[in-house]
Every structure is written in C-alpha cells, then in structure tokens.
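Subject: Structure for your review

Dear colleague,

Please find below the structure that I am handing over to you.

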Amino acid sequence: MKIVVGVKRVIDYAAKVRVAANKSGVELNNVKMSMNPFCEIAVEEAIRLKEKGVATEVVVVSVGPKGSQEQIRTALAMGCDRGVHVTTDMRLDQELQPLAVAKLFKQVVETEAPSMVLLGKQSIDGDCAQTGPMLAGLLGWPQATFACKIDPIDGGAGGFTVERETDNGTEVLTVGVPALITADLRLNEPRYATLPNIMKAKKKKIESMDAATMGVDLEPRYKVLSCEDPPARKGGITVETVDDLVDKLKNEASVI
C-alpha cells in the first residue's frame with residue numbers, strides 16, 4: 001500500500017505574527033517558517049502505518065515556493081520515502097486557495113495511485129479545513145475528517161476504522177480504500193527527526209512539478225482587502241468592594 005501525505009509551509013506556531021506595513025496581510029519576510037502542525041501529525045501517522053507493515057511507501061507532497069523543500073526534507077527525515085514538490089510563488093495563506101490546492105493534489109494522486117491520502121485537518125494560517133474534503137470530492141473517494149485514531153482492517157486491505165472528533169465527542173466509522181483521512185490534534189505526537197536521518201534525507205529524491213503547467217485554474221476565489229492588528233486591550237482597574245465590581249460589570253461593561 002502506498003500513502004500520499006501532504007504538508008504545508010506556514011509561519012511557525014511559536015513565532016510572533018506581525019501585520020505587514022501595507023496592511024495586505026501578515027509579514028512573511030524574516031519570519032521562521034515550519035511545517036503546519038496538523039500536517040506533521042499526518043506525516044507521523046503515515047510513517048507509523050509503514051512501520052506496522054500496513055504501508056510499503058510514503059510519498060510526501062507539498063505545494064508552495066522553493067522554501068517548501070525544507071518541509072519536504074523534514075518529512076523525509078522523519079521517515080517518508082520520497083517527495084513531490086509542486087512549485088508556485090503564490091502566497092500560500094491568501095492567493096493559493098483550497099480548491100486550487102485540491103485540484104493540484106488530485107493530479108499528483110492520480111499519478112501516484114495511492115491507497116490512502118493523509119492530510120492535516122487544516123492549516124494554521126488560513127484555518128479553512130477545506131482542502132481534504134474538496135480533494136476527496138474531486139477524487140470520488142470516501143473521507144474521514146478530524147481523525148483521532150486510525151486502525152487498519154485486515155492490514156489495510158479491508159479499509160480503516162477511524163475515530164473522529166466531533167462537537168459532541170467522537171464517532172467511529174469505517175472507510176474502504178482508496179480513502180482520504182485528515183488528522184486531528186490527538187491522533188499522535190510527532191517524532192523528532194534524528195541527525196542521522198536528517199543526513200539521509202538529503203539523498204532522498206524530490207520530484208519537482210510546476211503548478212503553472214498542470215492545467216489547473218489557480219485564480220483566487222476571494223481577495224483579502226485589508227489585514228489589521230486586533231485593538232489593543234485597555235488597562236485594568238482595581239475596585240474597592242464587590243458592590244463596585246458588580247456596578248461596573250453591569251453599568252459600564254454591560255456583561256451582567
């Protein structure tokens with residue numbers, strides 16, 4: 001069984017995000033970039049399925065600028081076998097939108113012919129959570145989103161049992177193969193790549209494809225008009241009595 005797993009280049013979750021001077025979006029220059037955390041969880045799960053003997057090959061795919069090869073190399077160092085880089089200079093947090101990404105992934109998936117596609121449930125820049133469901137729809141595959149547990153049936157040949165997060169708890173469903181699954185936060189804890197594996201990853205193959213030549217309409221469906229910092233919080237005050245507190249909450253803050 002072959003697994004295709006997707007990764008996205010985003011601003012590191014621990015970095016301080018700043019609005020660009022022209023208010024067109026967040027500042028991307030001189031900011032630490034990393035693999036999207038939910039994509040990292042998807043990569044870890046794909047590697048674990050390979051270690052269990054369910055998968056024979058894990059192919060990592062990323063759509064983005066030249067720098068996205070850093071995230072592909074990270075996934076290769078974690079244990080993926082080879083990479084596919086779909087190159088584009090469009091902004092990943094605004095211009096390259098989920099439908100276009102899903103269509104690009106569809107072409108890669110049709111070429112690779114995997115039994116499973118694993119993606120993060122959403123990226124921490126756009127927070128759309130749309131690429132996975134859209135890709136499953138385009139492929140006509142069953143999907144299980146927000147997965148917190150994945151168990152193969154008959155070594156994967158019979159599909160997978162997936163426990164998924166919902167607003168009311170979790171639900172369990174089964175999907176046949178080929179299938180698309182998106183990873184939620186509690187699916188696993190990703191490993192750290194070891195130095196020997198980081199060195200080995202430098203020798204692993206990364207195939208490059210140009211998004212502009214793949215016949216996909218990359219035109220954005222919506223446009224960000226302005227990006228603003230949230231309003232600064234006002235300083236707090238100290239009140240003398242509980243009655244003063246209740247009065248201010250009722251008459252000034254209007255919260256009670």
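I begin inside the sheet, where Val5 stands opposite Leu118 in S6. Please note that this is a predicted model.

In general, the strands of a sheet pair through backbone hydrogen bonds, in either the parallel or the antiparallel sense.

The antiparallel sense is found between strand S8 (residues 160-166) and strand S9 (residues 169-175), which pair over seven bridges. Within this pairing, Thr161 stands opposite Thr174 in S9. A hairpin of two residues joins S8 to S9.

Salt bridges

Side chains of opposite charge can pair when their charged atoms come close. The count in this model comes to 18 salt bridges.

Arg186 and Glu165 meet through their side chains in a salt bridge, at 2.8 Å from N to O. Arg186 lies in the loop between strand S10 (179-183) and helix H5 (195-201), whereas Glu165 lies in strand S8, so the pair ties together parts that are 21 residues apart in sequence. Arg186 counts as exposed because its relative accessibility is 54%. Glu165, by contrast, has a relative accessible area of 17% and is therefore buried.

Glu228 forms a salt bridge with Lys23, and their closest N and O atoms are 3.9 Å apart. This pair links distant parts of the chain, 205 residues apart: Glu228 is in the loop between strand S11 (206-210) and helix H6 (242-251), and Lys23 is in the loop between strand S2 (9-11) and strand S3 (33-35). Glu228 is exposed, at a relative accessible area of 52%, while Lys23 counts as partly exposed at 33% relative accessibility.

Glu252 forms a salt bridge with Lys248, with the closest N and O atoms 3.2 Å apart. Glu252 counts as exposed at 57% relative accessibility, and Lys248 is partly exposed, with a relative accessible area of 28%.

A network of salt bridges links Lys2, Glu57, Arg82 and Glu112.

Helix H2 spans residues 68-78, and its buried residues are Ser68, Gln71, Ile72, Ala75, Leu76, Ala77 and Met78. An α-helix has 3.6 residues a turn, so residues three or four places apart point the same way. After H2 comes Gly79, which has a positive phi, near 145°.

On the surface, a nonpolar patch is formed by Val242, Leu245, Val246, Leu249, Val255 and Ile256, which together have about 530 Å² of accessible area. One of these residues, Val246, is found in helix H6. Its relative accessible area is 38%, so Val246 is partly exposed.

With kind regards

Definitions and conventions. Residues numbered from 1 in each chain as written. Predicted model: local features only at pLDDT ≥ 70, side-chain atom pairs only at ≥ 80, totals over all residues. Heavy atoms only, no water. Pairing = 2+ DSSP bridges. Helix = DSSP H or I, 4+ residues; strand = E, 2+ residues; numbered from the N terminus. Buried < 20%, exposed > 50% of the residue type's maximum accessible area, 1.4 Å probe, protein only. Salt bridge = Lys/Arg side-chain N within 4 Å of Asp/Glu carboxyl O. Patch = residues over 30% accessible without salt bridge, like charges linked within 9 Å, V, L, I, M, F, W, Y side chains within 5 Å. Areas by Shrake-Rupley, 256 points an atom, 1.4 Å probe, with all protein chains shown as cover.
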